Structures are given as C-alpha cells and as structure tokens.
Amino acid sequence: MAGAVAVAVGVLAAGAVVPPAAAAPFAGRHDTVQQGLDELVRSDGVPAALAGVTDGRGRTRAYTAGVGDIATGAGVPRDGRVRIGSNTKAFTAVVVLQLVAEGRVELDGRVDAYLPGLVHGDGIDGGRITVRQLLQHTSGLPDYVEHLSEDIRHYEPRELLDPALRHEADFEPGRGWKYSNTNYLVAGLLVEKVTGHSLAAEIDRRVIRRAGLRHTYFPAPGELRIRGPHPRGYYQESAGAPLVDATEWDPSWAWAAGQLVSTNSDLNRFYSALLRGRLVPEPQLDQMRTTVPAGAPFADGARYGLGLVATPLSCDGEVYWGHGGSMTGYETRGGVTEDGRAVDIAVTTQPGRATGKRMEEIVDRALCAAARPGKGAVTGPERGKERTFTE
C-alpha cells in the first residue's frame with residue numbers, strides 16, 4: 001500500500017453527451033480518439049479507457065475501450081464516473097479564488113493569518129507562506145503523500161498534515177517550485193476555517209452546482225462505493241504484477257488534493273465554465289492563469305498557475321488549460337482550449353510515465369484536429385491575458 005499511496009495523488013460549458021448517430025461533427029477525429037483508446041488497452045494493458053471530446057459549440061461525444069470489470073467482463077459505461085485525483089485541486093483553487101473575490105481571503109496574505117500556528121516545522125513557517133504560494137506549489141511544504149502509513153483507512157485532514165510537518169521544508173517560500181499535495185491540504189483547511197463549512201459543502205455549492213455538473217461529487221466520510229455507472233479501478237504494484245481491484249479503497253487520504261469523483265464530460269464542462277468566467281471573476285481568473293514553469297509530474301513545457309496547468313499543444317503554439325489527476329485505480333488527462341475545444345481521457349489503473357505520455361498525445365491530437373481553420377494561437381502561457389489571435 002505504501003507504493004500505491006506514494007503515486008496516488010499525482011497528477012487530473014460542455015453540452016450533453018451525444019450518441020454516435022448524432023455525432024457528425026466529430027467524424028473527422030473519431031478514428032484518432034478511438035484508435036488511441038484501443039491502443040491504450042491493447043499495447044499499454046490498461047483494463048479500460050474512456051474519453052469525452054467536446055467541440056467549440058459544447059457538443060460532447062463519449063468513447064470507450066476495454067472492459068469495465070475484469071472479473072465479470074462487463075462493458076465500460078459510456079461517460080462513466082471515475083476518481084479524478086488531482087483535478088480536485090482546480091476545484092479547491094476555485095473556491096479559494098471566490099473567497100479572494102469576496103474580500104475574505106488575500107492571495108498574498110500569510111497562512112498564519114487564517115490558520116494561526118498550524119503550519120510550522122523545520123524551515124516551515126506559516127507566517128512566511130502566502131495563499132498564492134500554496135496554490136502555485138511554491139511554498140516549499142513537503143508532500144504528505146510521501147510520508148503516509150501503509151494503512152488503508154479513513155483519514156482526517158489534520159492527520160495528513162502532521163507527517164509532512166515532521167520533515168524539513170523543501171525550500172524557502174517563493175524560492176522554488178515542487179508539486180506537493182500538502183499545499184492543497186492546507187488550502188482546504190483554510191476554506192473550512194474562513195467559511196465555517198466543510199470543504200465538500202463549499203465545493204458542491206460554489207463549483208459543482210454553479211457549473212451544472214450532474215455527475216460530480218465529493219464522497220462523504222466512509223463512502224467507499226462510487227455512485228452510478230462506473231468502471232472498476234485497479235492497482236498494480238509493479239509491471240507484470242496482478243491487478244488488484246481498488247475501486248472501494250478509502251479515498252479520504254486525498255481530500256482537498258484529490259478526492260472528487262466525476263466523468264469526462266463533467267470535467268470538460270467544469271474547465272470550460274472556468275475559462276469562460278462563469279466560476280470566478282475576471283481579475284481572479286487572470287491570477288489563476290498567471291503561471292510559473294512546472295516540472296514533474298507534468299508534461300514538458302507545462303506551466304502551473306493557481307490550480308490550473310497550461311500545457312503546450314503541437315499545433316500552432318496553442319496551449320490547453322486543465323490539470324489532470326491520478327488516484328488509486330484511475331488516471332485522467334485533458335483540458336480546454338481558449339475557443340472551447342475540450343478533451344478528457346481516463347484509464348482504470350495508474351499507468352507508468354510512458355502510458356501517461358501516450359494519453360497526453362491522444363489529448364493533443366484530438367484538440368489539434370478540432371482546431372478551427374485559420375484560428376491563431378495563444379502566444380504563450382505566461383499570463384492568460386497575454387495572447388493574440390488571427391482570423
């Protein structure tokens with residue numbers, strides 16, 4: 001289980017899903033996506049792969065490959081629910097940015113102002129770490145996931161924080177970048193302290209309902225089963241090892257960093273709504289899209305904002321915005337372009353880096369194939385506002 005936990009929270013306004021018969025707008029890219037999913041099953045050995053592709057007019061088509069349950073051979077439910085891992089960070093960030101817009105949180109305010117005395121340790125000082133640094137992974141806080149016990153059980157958020165604070169800071173606040181789930185654990189605790197409500201309730205009220213997400217939810221404490229149609233998720237200790245059904249392993253250890261359940265189409269809808277300014281006001285959205293260079297576990301050239309990742313596309317210098325997520329039994333990749341094209345892919349195990357890269361390549365090909373003729377590109381992902389288009 002130690003190995004499972006260590007890799008588990010890595011990394012990730014669409015319309016209704018349309019049936020194949022009504023999917024003429026997708027004909028040009030059908031083979032690219034379907035062949036990509038088939039290859040993930042055939043060559044990479046993932047039990048199942050699912051995808052949702054949304055065009056610029058909000059129409060989404062669902063794709064599947066493989067089997068949804070290797071014990072029974074059951075099929076893969078179209079647009080089935082999966083654990084979306086670190087895509088949860090984008091939801092948590094949206095809540096924090098809404099609180100910033102309301103004047104209840106300051107992006108450059110210190111963590112100690114909201115959680116006095118909580119974040120302290122060897123080289124760790126909540127009086128020096130800002131809210132922005134939490135959301136941007138520039139705080140230097142060590143990653144609690146690397147120090148969890150082997151127990152598969154329910155965890156309270158503060159139980160997760162203690163192991164991280166027993167270790168030395170990775171660097172001084174603002175002096176580096178390193179992906180750490182502890183940043184979003186603290187951000188979730190901040191949301192609860194400022195609002196007086198649970199993080200789950202705030203995400204549901206402020207994000208899920210506002211974006212019209214019908215298949216997304218934050219599991220309740222002790223809720224192990226995934227609601228509604230879903231493929232089973234599997235853990236594999238090493239290449240060639242047996243697949244172990246991990247669908248109902250307790251997800252509470254991921255909390256604000258990775259506990260949500262959703263579907264491909266809902267993730268497309270969420271990121272589309274976010275980029276269109278439906279979830280946070282423009283000044284805060286600009287802050288979310290102000291990025292710094294990112295490293296592992298993201299793709300080469302990726303840049304990290306505040307809960308959002310800008311990933312370069314191979315076509316015309318464009319980028320897409322999303323996050324991606326890894327959770328025991330599931331992996332997701334995808335995002336949305338400036339003009340509303342959206343792709344999200346999920347597989348039902350946590351693949352190695354080579355398979356993850358192939359998932360990113362499928363996303364890239366699908367988004368580039370859907371590009372509008374004559375459409376120019378974002379000139380660079382440094383800031384969301386710094387972009388030019390040609391028609």
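Trainee: Is the crossing of α5 and α6 left-handed or right-handed?

Mentor: Two packed helices are described by the angle between their axes and the distance between the axes. Here, the crossing of α5 and α6 is left-handed (the near helix is turned anticlockwise from the far one by less than a right angle; clockwise would be right-handed). This is a predicted model, where local features need pLDDT of at least 70, side-chain atom pairs count only at pLDDT 80 or more, and totals for chains, interfaces and linings use all residues. Residues are numbered from 1 along each chain as its sequence is written, and side-chain values use heavy atoms, with hydrogens and water left out.

Trainee: At what angle do α5 and α6 pack?

Mentor: Helix α5 (residues 157–165) and helix α6 (residues 181–195) pack at about 140 degrees, their axes 10 Å apart. That makes α5 oblique to α6 (under 35 degrees is roughly parallel, over 145 roughly antiparallel, 65 to 115 roughly perpendicular, the rest oblique). Contact (heavy atoms within 4.5 Å) involves residues including Leu-160 and Leu-161 of α5 and Leu-185 and Val-186 of α6.

Trainee: Which cysteines does a disulfide join?

Mentor: A disulfide is a covalent bond between the sulfur atoms of two cysteines. Here one joins Cys-315 to Cys-368, S to S 2.1 Å (the cut-off is sulfur atoms within 2.5 Å). Cys-315 sits in the loop between β12 (309–312) and β13 (319–322), and Cys-368 in helix α11 (residues 353–369), 53 residues apart. The S-S torsion of Cys-315 and Cys-368 is about -85 degrees, so this disulfide is left-handed.

Methods: Axes are lines fitted to C-alpha atoms, for helices over the stretch in contact, and angles run from 0 to 180 degrees between N-to-C directions. Helices (H or I, at least four residues) and strands (E, at least two) are DSSP runs, numbered from the N terminus.
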